[in-house]
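Here is a short report to read alongside the sequence and the 3D view. Keep both open as you go.

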Amino acid sequence: MIGARVFSITTSIFFFPRILTRPVSRLQPAATRSVVAMSTTTSKSQEELDSIFKQKRIVRSTVRKSLKAMDPSLRTQQDDAIQNTVLEAPWFKSCRGLCAYISCKSLNEVDTSKILSKILQHPDPNTMAQKKLYVPWVEDKNSNMRMLHISHMDDLIANSMNILEPAPVDAQGNEREDGTTLYKLRIISIISPARNDTLFFFLWIVLQAEEPVDLFILPGLAFDRCGRRLGRGGGYYDTFLKRYQDRAKEKGWSNPLKVALSYSPQILDDGSIPVTPNDVLIDALVTPSGVLPISPRAIERT
């Protein structure tokens with residue numbers, strides 16, 4: 001159930017002829033620059049943080065080269081092995097709500113198309129019934145990201161970076177449910193005789209969601225066996241995960257299992273991935289060889 005917990009109303013006024021057309025809003029894609037909330041990193045000096053960010057850039061450059069050099073047939077082999085492992089995992093079969101990324105070929109991410117198709121095709125009801133799928137939608141360039149519910153692959157559109165995202169509203173103009181919040185668009189029209197125009201007031205109302213998710217399937221650039229994850233520098237997933245953890249704590253929910261997918265060249269030696277206090281550790285890593293459980297929760301469920 002989606003409950004009306006917090007109302008945040010923003011009003012904009014537009015002058016149009018009296019024929020109403022549905023507005024379509026698209027935001028710019030994520031920036032690739034790291035965003036640091038200094039208020040949460042007071043335990044480290046700016047000099048230490050600068051050193052960590054420099055190390056991260058070096059690791060990213062090295063891993064990108066390794067991924068680019070992967071043999072295409074090996075990549076396909078590993079994509080199949082990783083996705084099959086996910087589909088057979090008990091934590092995947094038992095989950096009812098999950099957030100998963102839409103893989104992007106140009107970013108050399110582990111393919112998720114088979115996983116998403118299985119969910120959206122409504123297969124065997126004894127193993128995968130009632131799964132609710134949320135996928136990323138970037139709000140702005142300040143590391144703000146939402147997870148919006150989709151029911152079909154046709155719900156996805158390409159943004160300016162050619163990365164597939166869900167449109168904020170569906171083909172019928174209905175707002176999509178968010179994994180943590182729900183945005184409603186209300187349109188109020190007022191006829192202005194003086195201008196012979198109609199004023200349309202667009203009200204965005206934010207409602208808090210009341211349903212938890214069980215699983216996050218995460219992308220990344222590099223990982224180690226201690227649960228460290230290196231993203232691409234935008235901070236979107238770490239920011240989202242921290243906010244969701246706060247929401248889960250507030251509602252008394254169990255934290256979702258955080259599972260990342262990784263090609264073999266992305267798995268680095270322990271301690272070789274630098275971290276800041278803003279970085280969120282993963283619970284498990286799915287590799288071409290199988291599931292690597294890291295946290296006690298993941299070990300129990302593997």
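## Helix H1 and its cover

In H1, the buried residues are Leu49, Ile52, Phe53, Lys56, Val59, Arg60, Val63 and Leu67. The model you are looking at is a predicted one. An α-helix has 3.6 residues a turn, so residues three or four places apart point the same way.

How far apart are the end C-alpha atoms of H1? They are 33 Å apart, and this agrees with the 33 Å that the 23 residues of the helix (46-68) should span at 1.5 Å a residue.

## The protein as a whole

Stepping back, the protein has seven helices and 14 strands. Of its 302 residues, 46% are buried. Among contacts with a separation of 6 or more, 72% are between residues 24 or more positions apart.

## The seven-stranded sheet

Seven strands make up an open sheet with mixed pairing, in the order E4-E3-E2-E9-E12-E13-E14. At its edges are strand E4 (145-150) and strand E14 (290-293), each of which pairs on one side only. On average, and ignoring direction, neighbouring strands of this sheet are turned by 25° against each other.

Strands of a sheet pair through backbone hydrogen bonds, either parallel or antiparallel. Both kinds can be followed here. Strand E2 (residues 97-100) and strand E3 (residues 132-138) run parallel and are joined by three bridges; glycine 97 stands opposite lysine 132 of E3. E3 and E4, by contrast, pair in the antiparallel sense over six bridges, and valine 135 has leucine 148 in E4 as its bridge partner. E3 and E4 form a hairpin with six residues between them, and in the turn serine 143 has a positive phi of about 65°.

## Edge strand E4

Is E4, at an edge of the sheet, mostly covered or mostly uncovered? E4 is mostly covered, with six of its six residues buried. In a regular strand the side chains alternate between the two faces of the sheet. In E4, Met145, Met147 and His149 point one way, while Arg146, Leu148 and Ile150 point the other way, and all are buried.

## Helices on the sheet

Helix H2 (residues 72-88) lies across strand E9 (215-218), strand E12 (257-261), strand E13 (284-287) and E14, and runs at about 130° to E13. Helix H6 (residues 236-251) packs on the sheet and touches E3, E4, E9 and E12, with its direction at about 75° to that of E4.

In H6, the buried residues are Tyr236, Tyr237, Asp238, Phe240, Leu241, Tyr244, Arg247 and Ala248. The 16 residues of H6 should span 22 Å at 1.5 Å a residue, and the end C-alpha atoms are 23 Å apart, which agrees. Just after H6 comes glycine 252, with a positive phi of about 75°.

How many cavities of 30 Å³ or more does the structure hold? There is one, and the largest cavity has a volume of about 40 Å³. Its lining is made of Phe216, Leu241, Tyr244, Gln245, Asn255, Pro256 and Lys258. H6 gives the most to this lining, with three residues.

## The loop from E2 to H4

The loop between E2 and helix H4 (113-120) holds threonine 112. Is threonine 112 buried or exposed? Threonine 112 is buried because its relative accessible area is 1%, below the 20% cut-off. Leaving aside residues up to four places away in sequence, threonine 112 touches Gln83, Tyr101, Ile102, Ser103 and Leu261.

Asparagine 108 is in the loop between E2 and H4 too. Its phi is near 55°, a positive value in a residue other than glycine.

Asparagine 84, which lies in helix H2, is partly exposed, with a relative accessible area of 34%. Asparagine 84 and lysine 114 are 30 residues apart in sequence, and their C-alpha atoms are 8.5 Å apart in space.

Conventions:
Residues are numbered from 1 along each chain as its sequence is written. This is a predicted model: local features need pLDDT of at least 70, side-chain atom pairs count only at pLDDT 80 or more; totals for chains, interfaces and linings use all residues. Side-chain values use heavy atoms; hydrogens and water are left out. Two strands pair if DSSP finds at least two bridges between them. Helices (H or I, at least four residues) and strands (E, at least two) are DSSP runs, numbered from the N terminus. Axes are lines fitted to C-alpha atoms, for helices over the stretch in contact, and angles run from 0 to 180 degrees between N-to-C directions. Contact means heavy atoms within 4.5 Å. Buried means under 20% relative accessible area, exposed over 50%, partly exposed in between (1.4 Å probe, protein chains only). The expected span of a helix is 1.5 Å times one less than its number of residues. On a 1 Å grid over the protein atoms alone, a cavity is a set of points where a 1.4 Å probe fits but cannot get out, and a pocket is an open set with protein on both sides within 12 Å along at least five of seven lines; lining residues have an atom within 4 Å of a point. Grid points are joined across faces, edges and corners, and a volume is the space filled by probe spheres set on the points.
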